[in-house]
Amino acid sequence: MTHVITDACIGEMDASCVDVCPVDCIYEGVEKRYINPDECIDCGACVTACPVSAIFGPNDPQDPVWAEDNRVFFDEMLPGRDEPLGSPGGASAVGPVGADTPLASRIAADR
Ligand code: SF4
Ligand code: SF4
């Protein structure tokens, strides 16, 4: 497990984490951002940059549902897309993905 972004990010999207990530592995959904588990090098820089403490490291106590949520964003077909995102090798080249995971979408809709 690598670093993961939890539901505290939903609706925030301020990009402080993106600005400090040395490998550009934090991708933009609609209501939330997601860390690519294959591209993250576990440097930890994003954890303290996040103003709402939405990011947890592999050794932090955390709800496993958010590690799964970050994985789903890359490995599974998201609504409105015709193939999984996979590991594109850099979020800035991809830009806004235009979709969220079903879990993040549900939580955003309930708020
Ligand atoms: S732990 Fe480091 S490499 Fe991983 S997402 Fe955070 S800033 Fe990027
Ligand atoms: S800094 Fe925190 S709230 Fe802002 S986009 Fe990153 S994870 Fe989400």
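Helices (H or I, at least four residues) and strands (E, at least two) are taken here as DSSP runs, numbered from the N terminus. This is a predicted model, in which local features need pLDDT of at least 70, side-chain atom pairs count only at pLDDT 80 or more, and totals for chains, interfaces and linings use all residues. Residues are numbered from 1 along each chain as its sequence is written, while chains are lettered from A and ligands numbered from 1 in the order in which they are written.

The protein chain has five helices and four strands, and along the sequence they follow the pattern β-α-β-β-α-β-α-α-α.

Turning to the core, a nonpolar core is a set of buried Ala, Val, Leu, Ile, Met, Phe, Trp, Tyr and Cys residues joined through C-beta atoms within 7 Å. A residue is buried if 20 or more other C-beta atoms lie within 10 Å of its own, with C-beta atoms placed from the backbone. The largest such core has 24 residues, and Val-4, Ile-5, Ile-26, Ile-35 and Ile-55 have the most contacts inside it. Helix H3 gives the most to this core, with four residues.

Finally, the ligands; a residue is near a molecule if its C-beta atom, placed from the backbone, lies within 6 Å of it. Ligand 1 has 14 residues around it, of which His-3, Cys-21, Cys-40, Cys-43 and Cys-46 come nearest. Ligand 2 has 14 residues around it, and there Cys-9, Glu-12, Ser-16, Cys-17 and Cys-50 come nearest.

Methods. A residue is buried if 20 or more other C-beta atoms lie within 10 Å of its own, exposed if 12 or fewer, and partly exposed in between; C-beta atoms are placed from the backbone.
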